[in-house]
Amino acid sequence: MSEVVTLTPAAAKRVATIAAKQGKPGLKLRLAVDGGGCAGFQYKFGLEEAAAPDDIATETDGVTLLVDPVSLPLIAGAQVDYVESLGGAAFQVKNPNAASGCGCGTSFSV
């Protein structure tokens with residue numbers, strides 16, 4: 001299993017679009033894991049201008065994804081996608097470590 005977390009090209013394109021609209025072309029997507037949610041852990045997304053010194057960073061199509069070292073063991077090998085459907089559009093995490101998830105897709109258990 002891969003230890004890194006990756007962005008799909010669709011997710012990278014969405015982050016690049018958001019960054020361009022905000023006039024901040026170097027904006028990075030952060031994925032973190034917090035305790036809580038209906039399944040035990042929940043995904044937390046944010047946009048940041050700079051990485052922290054201990055962040056793990058991966059890049060797809062010129063867009064950087066940041067993960068802190070505490071969250072990484074819970075999401076190692078995961079892939080972040082951007083999906084548009086009739087129900088709306090959102091970033092989704094395909095996490096091989098998740099034993100179960102909630103219906104909304106924002107929380108999981110291991």
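Rings of Phe, Tyr and Trp (its six-membered ring) count as a pair if their centres lie within 6.5 Å. By that rule this structure holds two aromatic pairs. Select Phe45, Tyr82 and Phe91, and you'll see one aromatic cluster.

A quick note before moving on: this is a predicted model, where local features need pLDDT of at least 70, side-chain atom pairs count only at pLDDT 80 or more, and totals for chains, interfaces and linings use all residues. Residues are numbered from 1 along each chain as its sequence is written, and side-chain values use heavy atoms, with hydrogens and water left out.

Next, the sheet. Strands here are DSSP runs of E, at least two residues, and helices are runs of H or I, at least four, numbered from the N terminus; two strands pair if DSSP finds at least two bridges between them. Look for an open sheet of three strands in the order 1-6-7, with mixed pairing. Strand 1 (6-7) and strand 7 (88-94) are at the edges, each with a single partner strand, so one side of each has no neighbour in the sheet. Zoom in on strand 1 and strand 6 (residues 79-85): they run parallel, joined by two bridges. Leu7 sits opposite Val80 in strand 6.

Ala11, Ala12, Val15, Ile18 and Ala19 are buried in helix 1. Turned away from that buried side are the exposed Pro9, Lys13, Ala20 and Lys21.

Key: Rings of Phe, Tyr and Trp (its six-membered ring) pair if their centres lie within 6.5 Å; planes under 30 degrees apart count as stacked, over 60 as edge-to-face and the rest as tilted. Buried means under 20% relative accessible area, exposed over 50%, partly exposed in between (1.4 Å probe, protein chains only).
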